[in-house]
Amino acid sequence: MSEELTQVRYGGFWRRYWAVFLDGVITNILSQTLLRVTLAFYGMNLRDLSGETHQALSVLSMVVVSLLYYTGFHCTLGQTPGKKALGLKVVVAETLEVPS
């Protein structure tokens, strides 16, 4: 094995847990902001929606934001802001490069 591969340390459970927690907070804030801005664009607010419609639009905005957030950060930097805050990074095991 090369020297670089022996220096790789895997993140422990709690560091990964808190990274996911931080990313969840960030994506939730972003998705709610997206939802409110989109509704404002159409001259509406959250009070104008029924409970089911609000739930469906919240889930849709969360899916869109999560896909863009995780895919974008992992493919460009190899880490999300939550992972970066806790010193974690996603790399390809054989090459130690950011996944493409």
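The largest pocket in this structure holds about 590 Å³ of space. Please keep in mind that the model is predicted.

**The largest pocket**

- The lining of the largest pocket is built from 20 residues. To find its centre, look for V8, R9, Y10, G11 and K89, which lie nearest to that point.
- Which element gives the most to this lining? Helix α2 does, with 5 residues.
- Sorted by class, the lining of the largest pocket comprises 12 nonpolar, 2 polar and 6 charged residues.

**Y10, by the centre of the largest pocket**

- Y10, one of the residues nearest the centre of the largest pocket, sits in the loop between α1 (3–6) and α2.
- Is Y10 buried or exposed? Its relative accessibility is 74%, and exposed means over 50%, so Y10 counts as exposed.
- Along the chain, Y10 and V90 are 80 residues apart, while their C-alpha atoms are separated by 9.8 Å.

**The second largest pocket**

- The second largest pocket has a volume of about 150 Å³.
- Its lining is contributed by L34, L35, T38, L39, Y42, M44, L57, L60, S61 and V64. Two elements, α2 and α3 (51–76), each give two or more residues to this lining.
- What classes of residue make up the lining of the second largest pocket? There are 8 nonpolar and 2 polar residues, and no charged ones.

**L35 and H54**

- L35 is among the residues lining the second largest pocket. The C-alpha atoms of L35 and H54 are 9.4 Å apart in space, and the two residues are 19 apart in sequence.
- H54 belongs to helix α3. With a relative accessibility of 27%, H54 falls between the 20% and 50% limits, so it counts as partly exposed.

**The nonpolar surface patch**

- Which residues make the nonpolar surface patch? They are F13, W14, Y17, W18, F21, L22, V25 and I29, and the patch covers about 860 Å².
- Y17, a member of this patch, lies in helix α2, which spans residues 13–41.

**Where to look in helix α2**

Conventions. Residues are numbered from 1 along each chain as its sequence is written. This is a predicted model: local features need pLDDT of at least 70, side-chain atom pairs count only at pLDDT 80 or more; totals for chains, interfaces and linings use all residues. Side-chain values use heavy atoms; hydrogens and water are left out. Patches are made of residues with over 30% relative accessible area and no salt bridge: like charges are joined within 9 Å, nonpolar side chains (Val, Leu, Ile, Met, Phe, Trp, Tyr) within 5 Å. Accessible areas come from the Shrake-Rupley method with a 1.4 Å probe; for residues, only the protein chains shown count as cover. A salt bridge is a side-chain nitrogen of Lys or Arg within 4 Å of a carboxyl oxygen of Asp or Glu. Helices (H or I, at least four residues) and strands (E, at least two) are DSSP runs, numbered from the N terminus. On a 1 Å grid over the protein atoms alone, a cavity is a set of points where a 1.4 Å probe fits but cannot get out, and a pocket is an open set with protein on both sides within 12 Å along at least five of seven lines; lining residues have an atom within 4 Å of a point. Grid points are joined across faces, edges and corners, and a volume is the space filled by probe spheres set on the points. Ala, Val, Leu, Ile, Met, Phe, Trp, Tyr, Cys and Pro count as nonpolar, Asp, Glu, Lys and Arg as charged, and the others, Gly among them, as polar. Buried means under 20% relative accessible area, exposed over 50%, partly exposed in between (1.4 Å probe, protein chains only).
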